[in-house]
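Here are some notes to read alongside the structure, written for someone meeting it for the first time. Please keep the 3D view open and follow the points in order.

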Amino acid sequence: GRYSHQRTGDGGRRKKEPRPETVHADRRVVNVCRTWAKRDGAEVTGKSQLPRRPRRDIDVLTRQEIARMEEMALTERDKLMIRLLADTGMRVSELVGLRTGDLVERERTNYLLVHGKGAIDRVVPLPPALRARLERYLKRNRRASSSDRIFLTHARRSG
């Protein structure tokens, strides 16, 4: 089941307390079901209290570490990929799925249309300098390609 058990020294089993994240997720489902039932005309009272989830400390790269990674990249393509990941917070799968049509401008501000997990799209701001780099990269490196993907794999050399 969802709640695991631990063996005790005498051969019995003792329930282990579920993590706060698990309790939170379970109660959210209960609240959604109550909302559906209420919408369908059922008489529903109360709401499950969601426990506070502990804040997680996330270890992130410093600006200097990101700059160093970008310096170490061998091609402009790889440098742009590192910079986009760092500046936008998108996933690698979202990055490699980017297409030229995903570069958009609204009200004189540049954005990337990012196609996320679960078919959830979002618009991510794109700094002007990074937009200019992307456009230069596309003009220089994508002339011969029929694909509209922004980042293609490197061509293999025979030999």
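1. Let's begin with Ile150, which sits in the segment after H5. Please bear in mind that this is a predicted model. Is Ile150 buried or exposed? Its relative accessible area is 0%, so Ile150 counts as buried. If you look for Gly97, you will find its C-alpha atom 8.0 Å from that of Ile150, although 53 residues separate the two along the chain.

2. Ile150 also leads us to the core. The largest nonpolar core has 17 residues, and Ile150 is among those with the most contacts inside it, together with Leu84, Leu112, Leu134 and Phe151. Which elements give two or more residues to this core? They are H3, E4 and H5. Of the contributors, H5 gives the most, with four residues.

3. The protein has 159 residues, of which 25% count as buried. Its exposed surface comes to about 12700 Å², with carbon and sulfur atoms supplying 49% of that area. Among contacts with a separation of 6 or more, 40% are between residues 24 or more positions apart.

4. Next, have a look at the sheet. Three strands make up an open sheet, ordered E3-E4-E5, with antiparallel pairing. Strand E3 (103-106) and strand E5 (121-125) are at the edges and have a single partner strand each, so one side of each is left without a neighbour in the sheet. From one strand to the next, the twist averages 40°.

5. Strand E4 covers residues 109-115 and is joined to E5 by five bridges, the two strands running antiparallel. Two places to check are Val114, which stands opposite Arg122 in E5, and Tyr111, which stands opposite Pro125 in E5. As background for viewing, side chains in a regular strand alternate between the two faces of the sheet. The hairpin of E4 and E5 has five residues between the strands, and Gly118 in this hairpin takes a positive phi near 70°.

6. Where does helix H5 lie relative to these strands? H5, made up of residues 128-141, lies across E3 and E4, and runs at about 140° to E3.

7. The last stop is Thr88, which lies in helix H3 (residues 76-88). Why does Thr88 count as buried? Buried means under 20% relative accessible area, and Thr88 has 15% relative accessibility, so it counts as buried. A polar atom of its side chain lies 2.5 Å from the backbone oxygen of Leu84, and the Thr88 side chain also reaches the backbone nitrogen of Met90, at 3.3 Å. Leaving aside residues up to four places away in sequence, Thr88 touches Leu112, Val124 and Pro125. Two of these names have come up already: Leu112 among the residues with the most contacts inside the largest nonpolar core, and Pro125 as the residue opposite Tyr111.

Note on methods. Residues are numbered from 1 along each chain as its sequence is written. This is a predicted model: local features need pLDDT of at least 70, side-chain atom pairs count only at pLDDT 80 or more; totals for chains, interfaces and linings use all residues. Side-chain values use heavy atoms; hydrogens and water are left out. Buried means under 20% relative accessible area, exposed over 50%, partly exposed in between (1.4 Å probe, protein chains only). A polar contact is a pair of N or O atoms within 3.5 Å; within protein, one must be able to donate a hydrogen and the other to accept it, and residues adjacent in sequence count only if both atoms are side-chain atoms. Contact means heavy atoms within 4.5 Å. Two strands pair if DSSP finds at least two bridges between them. Axes are lines fitted to C-alpha atoms, for helices over the stretch in contact, and angles run from 0 to 180 degrees between N-to-C directions. Accessible areas come from the Shrake-Rupley method with a 1.4 Å probe; for residues, only the protein chains shown count as cover. A nonpolar core is a set of buried Ala, Val, Leu, Ile, Met, Phe, Trp, Tyr and Cys residues joined through side-chain atoms within 4.5 Å.
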